[in-house]
Amino acid sequence: MMPFAYARAGDLDEAVRLGAEPGARYVAGCTNLVDLMKYFVEKPRKLVDINALPLRAIEELEGGGLRLGGLATNADTAYDARVQSRYPVVASAILAGASAQLRNAATNGGNLNQRTRCYYFYDIETACNKRTPGSGCGAIGGFNRIHAIQGASDQCIATHPSDLCVALLALDAEVRVIGPEGERVVPMVDYHRLPGDEPWRDNNLKHGEIVTAIDLPPEGFAPNHTYLKMRDRQSYAFALVSVAVVMRVEDGVIREGRVAMGGMAHKPWRVAEADALLTGKPIDADFVDVADALMAGAAGQGENDFKLDLAPRAIRRACSQAAAGTPQIQSDKRIV
Ligand code: SF4
């Protein structure tokens, strides 16, 4: 680990002032950035500890939504009674990820901003355009079992590792941020990026911006939802493929539906055409066309070619689970 300065921000103004300094990074749960510092992947000049900021609350929004504090832990969010009853796809996605210890420490803002788990990104002896721009990509032509089948570039084929973000995308959540230029609201669909020719940029946050909250809209699709996660170990692993599905069902017909995916791309993956195809379908449809729309243009990288078969099956399974109102249960983590 490189030497670094440390400051504890007492309020938001101080945090933004400190975080705007060159080389400064915010830290809260310490479940990703500090690991990367130990590996010499991240070398911030200063850590700005934001744990004292009043951003831990989960609050009702006027109009019926729910605001998740940026510093609320993943565990407090997943076990909040309002989240569990009104937004169960959020609770389910969180509980599908990490371990109990990590969920107790990790924050919602940090979950959004966590970095890829590409093996090469963590190994400073290897080429990685995300860690060292211009150095190449060890995963292209290398070990790439966990890598992207959608939206990759010739610079980077990494995937975003979050489960929570997949559910937030399906719900059309909004991210509230504050930084040196003031406050703004970023729709979840615009928060993360594809790698393109700037793979070192994971998201559209500007330097010095803090995630203050995540706003969930009034509609939580509680009766018809699922979060289906396929992984190498059921106990604790990042998604090879995951699927969040939410639907509004009336009289056996899907009136509105959305599908978002993890493990597919550099950002949580969603395709408008797939959502549109859900509308008007009977709940016992086979959802083949929905899977086709989400998989259009997908390409394997060699070791991850199995995802080309796994992902469409997972999409169809998840859509059937949501439509039937039989969501995947994360507490026992069995595939049902
Ligand atoms: Fe680095 Fe991206 Fe290539 Fe992984 S896939 S080695 S993160 S450039």
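Helices and strands here are DSSP runs, counted from the N terminus. The model behind these close-ups is predicted.

**View 1. A look into the largest nonpolar core.** This core holds 38 residues, and the ones touching the most other members are Val89, Val90, Leu112, Leu168, Leu171 and Leu216. Helix 9 is the top contributor, giving seven. As a bit of background, nonpolar side chains in soluble globular proteins tend to be buried together.

**View 2. Leu216 and its neighbours.** Which residues does Leu216 touch, leaving aside those up to four places away in sequence? Its contacts are Leu61, Gly65, Leu66, Leu68, Tyr87, Val90, Leu168, Leu171 and Ala173.

**View 3. Helix 5, tucked inside.** Pro88, Val89, Val90, Ala91, Ser92, Ala93, Ile94 and Leu95 of helix 5 are buried. That's eight of the helix's eight residues, so the rest of the structure largely encloses helix 5.

**View 4. Cys30 in its loop.** Look for Cys30 in the loop that runs between strand 2 (24-27) and helix 2 (33-38). Its relative accessible area is 42%; buried would need under 20% and exposed over 50%, so Cys30 counts as partly exposed. Glu181 sits 151 residues away from Cys30 along the chain, and their C-alpha atoms are 26 Å apart.

Technical notes. Residues are numbered from 1 along each chain as its sequence is written. This is a predicted model: local features need pLDDT of at least 70, side-chain atom pairs count only at pLDDT 80 or more; totals for chains, interfaces and linings use all residues. Side-chain values use heavy atoms; hydrogens and water are left out. A nonpolar core is a set of buried Ala, Val, Leu, Ile, Met, Phe, Trp, Tyr and Cys residues joined through side-chain atoms within 4.5 Å. Buried means under 20% relative accessible area, exposed over 50%, partly exposed in between (1.4 Å probe, protein chains only). Helices (H or I, at least four residues) and strands (E, at least two) are DSSP runs, numbered from the N terminus. Contact means heavy atoms within 4.5 Å.
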